[in-house]
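Work through the following exercises with the coordinates open, and try each task before reading its solution.

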Amino acid sequence: MSYLTGTPAGTASAGTTDVRTGLGVPGIAHPLLAPAEWDELTRSGGHLDWVVLDVADGPGVRPDPRCLEAVGRLRNAGVRVLGNLDTRHGARAFAEVVSDAQRYLDWYRVDGFLLDRCPAERTALPGLRRTIGALRTLRDAPHIVLGHGTHPYPGYAEHADQLVTFSGTWSDYRWSQVAEWTADHPPERFCHFVHGVPRGHLDEALRIARWQGAATIWFTDGTDRAGLTGPWETMPGYWDEIVSRIGTGVSE
């Protein structure tokens, strides 16, 4: 059971089933390597808050036909697609990030962006605020997710649609703490990504997310195998079980 202090985060009902839980997909492998996974995401569109597209550590150097097809099917199914922008913990040049964002929009018509490896400290906020401001001028109402992976300085919440406040292993997640300031915001503002979740602990993981006030989640039994395969690149082995728990039934 996770260690918590105070009342549940988000709202008074954050620890109850009144909170709608959706899935945020942080980075399935390229459609060439994982065609079945992308097909399954299209079929499960009603349970997805968004899917991140990472062509080649960003948008790549030219439009990718397989990614164009996969994104088109997702968007036709009503699924929001986000382009992956690596901020390198705030060290990446402003112009590079904006250029990548523009290519995502020109080639894939993405609905927003996940700013990966996003800084979390107060001193980095002005630079990131400038980047977010530029991204919001590129298209109408882009969905902006900040991929901190930890609880950032509270001021970041004023500039993004969602914050990833946990990204890591199940062994860390089950004893994680929620920052008290998150109680000032609804659960729809927060995302949790957890890998290495055993099948038998899936219900416990969902309870932690609801209690801590995170309405968008991605839980997987995948692990980071010596850095060769990222934990997010494949679908969870218990995919149907996750869908049945957050929705009205098991995916077909």
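**Exercise 1.** Determine how many cavities of 30 Å³ or more a search of the whole structure finds, and which residues lie nearest the centre of the largest cavity.

*Solution.* The search, made on a 1 Å grid over the protein atoms alone, takes as a cavity a set of points where a 1.4 Å probe fits but cannot get out, and it finds one of 30 Å³ or more. Next, the volume, which is the space filled by probe spheres set on the points, with grid points joined across faces, edges and corners, is about 30 Å³ for the largest cavity. Its lining (residues with an atom within 4 Å of a point) has ten residues, of which Thr 165, Phe 190, His 192, Gln 212 and Gly 213 lie nearest the centre.

The model is predicted, so that local features need pLDDT of at least 70 and side-chain atom pairs 80 or more, while totals for chains, interfaces and linings use all residues. Residues are numbered from 1 along each chain as its sequence is written, and side-chain values use heavy atoms, leaving out hydrogens and water.

**Exercise 2.** Decide whether Ile 246 is buried or exposed, and find which residues Ile 246 is in contact with, leaving aside its neighbours within four places in sequence.

*Solution.* Ile 246 counts as buried because its relative accessibility is 14%, where buried means under 20% relative accessible area and exposed over 50%, with partly exposed in between (1.4 Å probe, protein chains only). Beyond those neighbours, Ile 246 is in contact (heavy atoms within 4.5 Å) with Thr 21, Gly 22, Leu 23, His 47 and Leu 206. Finally, the C-alpha atoms of Ile 246 and Gly 22 are separated by 6.9 Å, although 224 residues apart along the chain.

Terms used: 1 Å grid on protein atoms, 1.4 Å probe; cavity = no way out; pocket = protein on both sides within 12 Å on 5 of 7 lines; lining within 4 Å.
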